[in-house]
Amino acid sequence: MYRTPRLFLFAAPLAAVPGRAVAAGMPQLNFHDPLLIGQVVWGAVIFGGFYLGLSRFALPRVERVLTNRRTRIQSDLDVARKAKAEADRASAELLSARHEAAEQARAHVERIQSEARASADAHAAETAKRLEAEIANAETRITQSREQALSSLSEIATSTTQDLVARLIGTQDEQTVASAVKRVNA
Amino acid sequence: MTGEASVAAGSTIDALGQFELHPVLGHLGEALRFSQSPLFMLIAVAIVLVFLYVGMRPAAVVPGRLQAAAEISYDFVHDLAVSTIGENGATFFPFVFAIFFFILAGNYLGLLPFSFTYTSHIAVTFGLAIMVFVISILASIRFQGVGFLKHFLPAGTPVWLAPLLVPIELISFLSRPVSLSIRLFANMVAGHVLLEVFAGFTIMLAGLGAFGHVLAIAPIAINIALTALELLVGVLQAYVFAILTCIYLREAVAH
């Protein structure tokens with residue numbers, strides 16, 4: 001990616017500064033230097049040690065911590081989820097219990113209401129019956145009184161008429177007066 | 001960027017002296033062929049291992065900064081390996097992790113003054129690339145048997161094209177370690193030569209008196225920008241090397 005422009009840049013100072021450095025060549029390409037090959041051997045040993053240290057000790061340690069955290073978060077989440085489920089269930093139970101209680105209370109109220117209505121109706125009916133009986137009784141009494149009054153009317157009329165006739169003409173003909181009154185009455 | 005190689009004589013810039021190998025630890029180092037290059041490899045490897053060790057020591061469920069950094073580097077390479085290689089990615093994850101951090105630490109260590117960039121040596125990068133190459137061939141044989149050779153003739157090609165296509169595929173296959181190693185090597189060398197050249201300009205300009213002192217600010221500014229660029233290139237090249245390793249391994253394990 002950077003190769004082309006950077007190699008160009010790299011070549012520029014080399015061309016611009018001729019001298020011992022260029023004449024001597026790059027130390028990296030001096031393969032006669034035992035140190036050059038030595039660093040590759042040492043590098044292999046060091047890299048191998050680095051790899052072993054990482055794969056046996058350093059990286060598993062990091063992984064343990066990360067796994068530990070993941071399982072801990074997971075278990076905490078599980079606990080929280082379980083608690084939430086329990087709370088949900090309790091809340092649902094509470095709701096249903098409340099609903100049931102409300103239902104029961106309503107039924108109770110309805111029953112009491114209907115009972116009260118029934119007793120009130122019965123009471124009213126009884127009262128009405130009693131009143132009706134009293135009315136009928138009263139009516140009978142009234143009829144009796146009227147009939148009595150009506151039956152004693154001709155008697156009163158006859159005696160009044162006799163008194164009047166006796167006062168007017170001084171005679172008393174009970175028979176005649178009674179028949180006359182009967183005639184008028186009829 | 002070794003200090004002693006900055007300016008050879010005052011008038012010329014020795015841009016390549018920084019890549020010279022010198023034995024460390026005196027005669028012992030000379031006898032063991034132990035130069036500053038393996039020394040910096042050891043330092044780089046130690047830094048990465050200590051970083052992971054110290055970072056993960058708390059092993060906290062809620063990580064601190066250093067632990068988060070260690071975990072992010074793990075996750076980053078793990079995702080890279082698993083998403084590119086596929087289900088067998090976890091097998092090769094430590095290898096990809098080692099490659100990525102070996103190169104990244106080498107690139108970044110080399111940016112420190114007086115240090116040495118072992119990734120600027122073609123022998124080192126070619127060694128890494130050959131290792132990737134050999135491991136991908138071994139993985140091919142392990143996962144596909146000798147049947148992996150049929151990749152050299154893409155499926156559905158007419159047989160009469162085989163004499164043409166097989167050599168092309170073979171050359172492209174064999175050029176992988178070359179391109180892989182030269183890409184990293186050339187990037188690191190180019191960056192360090194540029195840094196050296198501009199640092200040399202600063203010293204040469206400073207030798208010109210008061211006017212030169214003012215002008216010398218310009219190459220310093222350029223070097224600051226180049227350092228930023230090198231920080232980008234360092235991680236980018238490590239990433240490119242690691243992802244190409246993953247791509248070669250995916251081809252090796254794919255059926």
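A polar contact is a pair of N or O atoms within 3.5 Å; within protein, one must be able to donate a hydrogen and the other to accept it, and residues adjacent in sequence count only if both atoms are side-chain atoms. Across the interface of chain A and chain B, nine residue pairs are in polar contact, both at pLDDT 80 or more. This is a predicted model: local features need pLDDT of at least 70, side-chain atom pairs count only at pLDDT 80 or more, and totals for chains, interfaces and linings use all residues. Residues are numbered from 1 along each chain as its sequence is written, chains are lettered from A and ligands numbered from 1 in the order in which they are written, and side-chain values use heavy atoms, without hydrogens and water.

Contact means heavy atoms within 4.5 Å. Chain A brings 43 residues to it and chain B 66 residues. The buried area is about 4,800 Å², with 77% from carbon and sulfur atoms. That area is the accessible area (1.4 Å probe) that two parts lose on being put together, summed over both.

The interface holds one salt bridge, a side-chain nitrogen of Lys or Arg within 4 Å of a carboxyl oxygen of Asp or Glu. Arg69(A) and Glu71(B) form the salt bridge, at 2.7 Å, N to O.

Which elements give two or more residues to the side of chain A that touches chain B? They are α1 (3-16), α2 (20-24) and α3 (34-169) of chain A. Helices (H or I, at least four residues) are DSSP runs, numbered from the N terminus. α3(A) gives the most, with 24 residues.
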